[in-house]
Amino acid sequence: MNIFFVSSEAYPFSKTGGLADMAYFLPKSLKMLGHDVKVITPYYEQIKSYSRDMTFLGKKTIHINHETWMFNYYEMNYEGISYIFVQNMMFFEREHFYGYDDDMIRFAAFDYAVLELFSLIDSYPSLLHINDWQTGMIPYLLDEIYRSKNEKYFAIHTLLTIHNLQYQGSFNKDLYGYFSEYFDYTYIHFDSINFLKAGIERATKINTVSPTYKDQILTQTYGFTLDGILNKRKDDLYGILNGIDEKIFNPQTDPLIKINYQIKNAVSSKKIIKKQILEKFNLNTDTSIPLIIYIGRLADQKGIELILNSIQDCLDFTVGNFILLGSGNPKYEDRIKYLSHFNPSRVASYIGFNEALAHELYAAADLFLMPSIFEPCGLGQMIAMRYGTLPIVRETGGLKDTVIPYNKYTRGGTGFSFIHPTNYDFKQQIFAAIDLYINNKLDFNYLVRQAMRQDFGVKRMAIAYESIYKKILGA
């Protein structure tokens, strides 16, 4: 299959979250299955550092809504995958990727530029795999403008992957002239232009990044007002669990951790790494008590309020050291700094993101907190299990699909979970996990080994996407 993977960010060139990781993992895995895959992404400011390795493909000029947009296209081979960068200095070469007043025009321009690329290089995909709201207008533009331009566009099918339904690309309806001469309710939702709604309406098929999240977004609670149109297209909606690159996240070979280990020596090796981390952060160095970590965005969705409300009680009524790594909402950053300042021997923090430190923490920790209010998939819990760190999660979205709750009667499980997003329910699981660690090391270590045996690899994910591609193309 000839597949073009379109993403507003792609690791290692640009990244704010899991979308960038998928734009790196999935194309590589699909190529290993024998498919021709290209990745299309904007040429952001920070990508200039790779310019010497790029080849100029050509340029396109587009006239839209009485405006003239010019795009340059550059290609680069990275780890066997062709990356094509769409350059427009005015739209993309800025300090941040998102969050500007003209984001609608910026990503409308990107969507047009993607469709213009095919005629420039005379290569038309059999399948266009688009991701999230930033690419959501592509199926509409394909239907309404490009299919009539060139018969080769008629053969293009689309798959829309929804990584997080909360972010929809909603903008002032008066800007409709960028898409059509006349007002079209395909892209209008609650009196606003909605990129994601347009994609849901017009994509050949749609998928979410976990099976449970696929079911949840069909409800009012998790549908973020798009549950109606999603239910209309539920026969074309699939749930595919995300995966992680097991070559990158492999404690046996990871160059970012000081001691490599595998299942048979994980417990002893992790204790040594834990002592090093405790010393690094000037925490209590008693390795007989658990190290509990959080790594991720400091956002409401991630259940940060639950974590911060629970830590003080954990400090008062049980044992355990905490390290929190992440950035986001300033109010959460300030509360974390406060906790670490007044509990210097038991709480430490790193505000920001540090890839090497994240790997060290996954390897050192005993427990990983991820009490998300909703979670389309989540990669943190998968990485944690890969490193023998047991997750404590809320049973929602991909967390429910990946973490098997501990059963004290069968000794089964790969972590701990709770249903209701309350401080009480979350703390109960933290207390239970700490109690198991302190008083029943046999069962705790058994869970560690079971967690490390789980298969969350990208090959499994790629095979699932290949299956959907075949359905789309009628194979």
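Colleague: What volume does the second largest pocket have?

Modeller: Keep in mind that this is a predicted model. The pocket is lined by 15 residues, and those closest to its centre are Lys28, Ser29, Met32, Lys247 and Val458. Its volume is about 330 Å³.

Colleague: Which helix gives the largest share of the lining of the second largest pocket?

Modeller: Two helices, α1 (18–32) and α17 (458–473), each supply at least two lining residues. The largest share is five residues, and the helix behind it is α1.

Colleague: How many residues of that lining are nonpolar, polar and charged?

Modeller: Among the residues closest to the pocket centre are Lys28, Ser29 and Met32. The whole lining divides into three polar residues, five nonpolar and seven charged.

Colleague: Now the fold. What radius of gyration does the protein chain have, and why call that value compact?

Modeller: The C-alpha trace spans about 70 × 45 × 45 Å along its principal axes. A compact globule of 475 residues would have a radius of gyration near 23 Å, so the chain agrees with that rule at 23 Å.

Colleague: What percentage of the residues in the protein chain are buried?

Modeller: The chain comes to 17 helices and 18 strands. Of contacts between residues at least 6 apart in sequence, 72% join residues at least 24 apart. Buried here means under 20% relative accessible area. Of the 475 residues, the buried share is 58%.

Colleague: Is Ile40 buried or exposed?

Modeller: Ile40 lies in strand β2, residues 36–42. Beyond its neighbours within four places in sequence, Ile40 is in contact with residues including Phe4, Val6, Ile84, Val114 and Phe118. Its relative accessibility is 0%, and the cut-off is under 20%. Ile40 therefore counts as buried.

Colleague: How many Å apart in space are Ile40 and Arg106?

Modeller: In sequence, Ile40 and Arg106 are 66 residues apart. In space, taken C-alpha to C-alpha, the two are apart by 15 Å.

Note on methods: Residues are numbered from 1 along each chain as its sequence is written. This is a predicted model: local features need pLDDT of at least 70, side-chain atom pairs count only at pLDDT 80 or more; totals for chains, interfaces and linings use all residues. Side-chain values use heavy atoms; hydrogens and water are left out. On a 1 Å grid over the protein atoms alone, a cavity is a set of points where a 1.4 Å probe fits but cannot get out, and a pocket is an open set with protein on both sides within 12 Å along at least five of seven lines; lining residues have an atom within 4 Å of a point. Grid points are joined across faces, edges and corners, and a volume is the space filled by probe spheres set on the points. Helices (H or I, at least four residues) and strands (E, at least two) are DSSP runs, numbered from the N terminus. Ala, Val, Leu, Ile, Met, Phe, Trp, Tyr, Cys and Pro count as nonpolar, Asp, Glu, Lys and Arg as charged, and the others, Gly among them, as polar. The radius of gyration is taken over C-alpha atoms; the globule rule is 2.2 Å times the number of residues to the power 0.38. Buried means under 20% relative accessible area, exposed over 50%, partly exposed in between (1.4 Å probe, protein chains only). Contact means heavy atoms within 4.5 Å.
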